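Work through the exercises below with the model open beside you. Try each task before reading its solution.

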Amino acid sequence: MDVVFFFEVLISGMLSGVMYSLVALGFVLIYKASGVFNFAQGAMVLLAALTFVRFLEMGLPIWLALSLTLLVMVVLAVLIEKLVLSHLVNQPLIILFMATIGLNFFLEGLAQGVWDSQVHGLDLGIEDVPLAAVEEVTGMFISVFDVVAAVIAGSLVLVLSIVFHKTKVGRALRAVSDDHQAAMSVGIPLDRLWAIVWAIAGVVALVAGALWGQRLGVQFSLSIIALKALPVLILGGFNSILGAIVAGLLIGSGEKLAEVFLGPYVGGGIEAFFPYVLAMLILFIRPEGLFGDKIIERV
Amino acid sequence: MSENKPLVAVNNIEVIYDHVILVLRGVSLEVPEGGIVALLGANGAGKTTTLKAVSKLLQSERGEVTKGQIEFKGQDTKSLVPNQMVSRGLIQVMEGRHCFEHLSIEENLLTGAYTNKGGRQKIRDQLELVYSYFPGLKERRSSLAGYISGGEQQMTAIGRALMATPSLILLDEPSMGLAPQLVEEIFEIVKRLNTEEGVSFLLAEQNVTMALRYADYGYILENGRVVMDGEAATLADNEDVKEFYLGLGGGERRSYRDVKHYRRRKRWLA
Ligand SMILES: Nc1ncnc2c1ncn2[C@@H]1O[C@H](COP(=O)(O)OP(=O)(O)O)[C@@H](O)[C@H]1O
Ligand SMILES: [Mg+2]
């Protein structure tokens, strides 16, 4: 086997896996803080990307378009908390889940209603070409875009880890995810924290939306990449930020390797279902995922 | 009970869960500044519900105070939410301890300082104060709360509440599931917090013997009603309390227990 080719597939697989991680991250944040699987995460990615690209098309400079879109996502989070979540406190989780399904369709409609349903090209100024230096030294084709995406995702995760583990709000968020009632009893205002975490998820959605948008074009199908995040979540654990990243890398590289090296023997198309098979195997062995919070059982 | 205005005054409250289940039927009680007041009664009597009505945690359980009122520091608390109660100095330590399992002991304690506006140094000082009462927790500060013993969890839960610098702690069944020695240790610390730090306590307990030993005053709750109240010493001497709550009934009475039980109950409820 060609070693260079193997590593090329492995690395570019991992880098594209980072893109899955980014989407998974949005789910993890909200799941951690409220135990809710936010079905609307995909729609948030779409809305963020569409808002961003339309602001750019209006001729705004990139920093301004980015800031305005961030603002939109934060306002959206506050509205979601006030108009939807606050009315559903203490309802069974399944009701909250249903609410996010409703929210999903609402946001998809909103995004396309306010903006439109055309396909928009998004140019972040990052080229999707092989990194020349790497190619020269090793002979591998590694895309500049993939590397930049990975760096952005990595920084985002670093910042989030610091927020979650070193700040008062982050600690409170972890407390809320452990035990709502106890968090309330010590004076943590759940409503404010939920608005904060939805806002963070909105920011993550924007980053994911922008990167995926450049790769696929900003269009309705962005909303569906959420499905790509599902196996990543199962593999990594629904409540682990680190898990979302590692599982993204595993699945990204796994599916590419499987496609390239196993595909020829079974007729190809492995890439499409490989992640789900991997996720299912993990479910058998470790239901909480590779990095999910251990379910602490006391005797 | 005291000439000053009480810290908490619960005035004839009625609580209904889920719009239909009537659980408290006119409960009144007071906690004086600096007091330890025990709220006693069997399982299901309504102790927890009373505490949650005071701390406002009831709101999150589809419970509602439908009659009466609750004052804290002379102010009606009707429109307040739990975090506002905590910033005003009233905090509840829930039954079953409810530590944050995936946070370390120290992180658990720090979450209690969420409403503490004193700044970094004040919070550090408060943490040291908590550790001075619970030196065992300091030693194990970085252990995850999910893996520590029940006694340590109870201490963590009390310490976490202390981090909010409260004037009143509502303590729900601190003795639950703990060995007698440990229960005593925890009650001793409660007593010290009361005398040394001036923290008042409203203590819900099924362990009547222990509670009456440390409290100044007690209320006995049955079926959502206060059936008796008095100085702790007086209650501990009362025949009915002795028989039904302290398990000190005489040998020969035992066979008539149910009959007497019924009669006494009738008398209490009258
Ligand atoms: N969330 C709830 N919904 C409905 N009924 C409840 C709820 N919590 C408690 N109850 C009922 O209220 C009564 C008093 O309960 P509780 O206040 O927990 O008593 P205690 O703390 O004295 O054991 C019990 O009959 C219990 O079943
Ligand atoms: Mg109780």
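**Exercise 1. A glutamate at the chain boundary**

Task: Decide whether Glu107(B) is buried or exposed, then find what it touches in chain A.

Solution. Start with accessibility. Glu107(B) has a relative accessibility of 18%, so it counts as buried. Buried means under 20% relative accessible area, exposed over 50%, and partly exposed in between, with a 1.4 Å probe and protein chains only. Glu107(B) sits in helix H3 of chain B. Helices (H or I, at least four residues) and strands (E, at least two) are DSSP runs, numbered from the N terminus. Then follow the side chain. It reaches the backbone nitrogen of Ser104(B) at 3.1 Å. That is a polar contact: a pair of N or O atoms within 3.5 Å; within protein, one must be able to donate a hydrogen and the other to accept it, and residues adjacent in sequence count only if both atoms are side-chain atoms. Last, cross to chain A. Leaving out residues up to four places away in sequence, Glu107(B) touches Arg171(A) and Arg174(A). Contact means heavy atoms within 4.5 Å.

A note on conventions. This is a predicted model, in which local features need pLDDT of at least 70 and side-chain atom pairs count only at pLDDT 80 or more, while totals for chains, interfaces and linings use all residues. Residues are numbered from 1 along each chain as its sequence is written, chains are lettered from A and ligands numbered from 1 in the order in which they are written, and side-chain values use heavy atoms, with hydrogens and water left out.

**Exercise 2. The other side of that contact**

Task: List the buried residues of helix H7 of chain A and say what covers them.

Solution. H7(A) spans residues 168–178. Its buried residues are Gly170(A), Arg171(A), Ala172(A), Leu173(A), Arg174(A), Ala175(A) and Val176(A). Arg171(A) and Arg174(A) are the residues touched by Glu107(B). Now the cover. From chain A, it includes helix H1 (3–34), helix H6 (144–166), H8 and helix H9 (190–216). H3 of chain B is also part of the cover.

**Exercise 3. The shell around ligand 1**

Solution. Now check oxygen atoms of the ligand. One is 3.2 Å from a polar backbone atom of Ala45(B). A polar backbone atom of Lys47(B) is 2.8 Å from a ligand oxygen. For Thr49(B), a polar side-chain atom lies 2.4 Å from one.

**Exercise 4. The magnesium ion**

Task: What are the protein donors of the magnesium ion (ligand 2), and where do they lie?

Solution. Donors are N, O and S atoms within 2.8 Å of the metal (3.2 Å for Na, K and Ca); water is not among the atoms, so sites may look incomplete. Here they are Thr48(B) (OG1) and Glu95(B) (OE), at 2.0 to 2.2 Å. Thr48(B) is in helix H1 (residues 47–55) of chain B, and Glu95(B) is in the loop between strand E6 (90–93) and helix H3 (105–111). The two are 47 residues apart. Thr48(B) is partly exposed at 22%. Glu95(B) is partly exposed at 30%.

**Exercise 5. Positive phi**

Task: Where do Asp18(B) and Arg97(B) lie?

Solution. Most residues other than glycine have a negative phi. Asp18(B) has a positive phi of about 50°. It lies in the loop between strand E1 (8–17) and E2 of chain B, and is partly exposed at 37%. Arg97(B) has a positive phi of about 75°. Its place is the loop between E6 and H3 of chain B, and it is buried at 14%.
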